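Let's take a walk through this protein together. Have the sequence and the model open side by side as you read.

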Amino acid sequence: DGTLRVEHYLAQLRDEQRRLSALEDDEAECSVAAVLRLSFNALEPTAQKVLAQLSVFPTSFAREAVAGVVWLHDITMEGAEAIARSLSQLHRAGLIELDAAGERVWLHDLVRAFATAQLDEPEAARQRHAATYAYVARRLGELAQRGGASLMQALSIFDAERPHLEAGLAWALQRGGVASVDELVTDYAIGLAPLGQLRLSPREALLPLSAAAVAAARRLGQPGLEAAALCNLGVVTGQLGDEQRAQQLYGQALALVEDDPQLAPLASMLHRNLALSSVRLGAAGTARQNVEELAKAIETGSDNAAHGHFHALNGLIERQWGDPAQAVSRAEEGLALAQAAGNLQLEQELLCNLANAVTASPTSMASERYVRAQAYAKQALALAERLDYTATRKQPCPCIWRRWRSTSGWGTRRPSPQWR
């Protein structure tokens, strides 16, 4: 403040240090605390409240998230204007940092610790933080489902905001049983499902989240949400090796949605998952039956991704129990549809299928088959790297992985170390 003399600040600082001298902190920490207290006291009351509430962000955050977390209930000016003014004052005071574009905000750890002590209603502030990032999770899920560049954008945002998504989710999981919190749990679970397969551990993260979402949806009395959560839980359970249990979960979900036309897309996904699980279990009849149900669900639709899944499943069935040449044809049709839909995960899956199907097809010389299979394998691995499967150390396709590492057939090239 230019209206006050330096001697005034020095007197305040000595007073703060005398008061802090009774604490057990060392002298350096006391000096920092005294300086922070001086800076805090020089702020306008609104800026003080804003700083205190910013302490619930565990790390740097997007500026636009502030409006969802900070609550100013006793001010007369417009809330957004008050927040913008407060952030500007905090920046001038050196209590927060902004990136060059002014779009991302940092608090030093010591400032965050000091601000936390000034927070009047920490639980309410953390709930607003959890609710803000539950909304972010839902938007990310919608973005990811568009595929292509949108999926890559969603992954980029997820990576930047992951500490906040995890902090908000942890808060919600610890407080389930209240309707408003149960809604947050289901938002996180459904929103993060399309990204979780690429970024989160199935056993440590996705399994408990999906189970919690099923329980939350049941308490809310929302059959559609419960079915979606059961579907997610089935996917994770299958990934962990229990396909029988996965099929039971898919069946429970299907019973909740099969009579509701508005939930037809979810029913199609469940038939697809049941068919895929049946292929893995070696149950040809059940696999074909669910593929037929999937065909009925999509026969009047124009969803390229749904048709791509249909051809992918038929290709797997033909490869395992039918004509290997038809398996290649089906997979190629599915690949074209996946690429048209911009569904990168399905595209990667079909490239794996094609590499395996071509190897088994008797329609060409062995050397020609291996050349084609190698080309598909290279594309599959390149796409897996683009999607960053290494974030969870997930093997994009076990069959491709084994052959790619072998010293015969597909060459001697080895994958990058972080894939091992």
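What follows goes from confidence to core, then to helices, salt bridges and the sheet.

First, some ground rules: this is a predicted model, so local features need pLDDT of at least 70, side-chain atom pairs count only at pLDDT 80 or more, and totals for chains, interfaces and linings use all residues. Residues are numbered from 1 along each chain as its sequence is written, and side-chain values use heavy atoms, with hydrogens and water left out.

How far can you trust the model? pLDDT is the predictor's confidence in each residue, on a scale from 0 to 100. The protein chain has a mean pLDDT of 81, with 77% of its residues at 70 or more. Helices here are DSSP runs of H or I with at least four residues, strands are runs of E with at least two, and both are numbered from the N terminus. Among these elements, strand β1 (residues 61-62) has the highest mean pLDDT, 96, while helix α19 (residues 398-405) has the lowest, 48. Residues 19-26 have pLDDT below 50, and beyond near neighbours in sequence this stretch has four contacts in the model; a contact means heavy atoms within 4.5 Å. Over residues 400-420 the pLDDT also stays under 50, but there the model has 46 contacts beyond four places in sequence.

Now for the inside. A nonpolar core is a set of buried Ala, Val, Leu, Ile, Met, Phe, Trp, Tyr and Cys residues joined through side-chain atoms within 4.5 Å. Buried means under 20% relative accessible area, exposed means over 50%, and partly exposed is in between (1.4 Å probe, protein chains only). The largest core has 95 residues, and Leu51, Leu54 and Tyr188 have the most contacts inside it. Helix α17 (residues 344-360) gives the most to this core, with nine residues. A second, separate core has seven residues, including Leu276, Val279, Val291 and Ile317. As background, nonpolar side chains tend to be buried together in soluble globular proteins.

Zoom in on Tyr188: leaving out residues up to four places away in sequence, its contacts include Ala130, Tyr133, Ala134, Leu165 and Leu209. Leu209 is also one of the buried residues of α10, along with Leu206, Ser210 and Ala213, among others. The buried residues of α10 pack against α8 (148-173), α9 and α11 (223-239).

On to charges. A salt bridge here is a side-chain nitrogen of Lys or Arg within 4 Å of a carboxyl oxygen of Asp or Glu, and the count comes to 13. Glu44 pairs with Arg85, the closest N and O atoms being 2.7 Å apart. Glu44 sits in the loop between α2 (27-41) and α3 (45-54), and Arg85 in helix α5 (residues 79-92), so this pair links parts of the chain 41 residues apart. Both ends are partly exposed, Glu44 at 31% relative accessibility and Arg85 at 43%. Helix α5 also holds Gln89, which is buried at 12% relative accessibility and touches Ala42, Leu43, Glu44 and Ala47.

Asp187 and Arg138 meet in another salt bridge, 2.8 Å from N to O. Asp187 lies in helix α9 (residues 179-199) and Arg138 in helix α7 (residues 122-145), so the pair ties together parts 49 residues apart in sequence. Arg280 and Glu243 form one too, at 3.2 Å. Here the helices are α13 (residues 264-281) for Arg280 and α12 (residues 243-257) for Glu243.

Three strands form an open sheet in the order β1-β3-β2, with antiparallel pairing; strands pair if DSSP finds at least two bridges between them. β1 and β2 (97-98) stand at the edges with a single partner strand each, so one side of each lacks a neighbour in the sheet.
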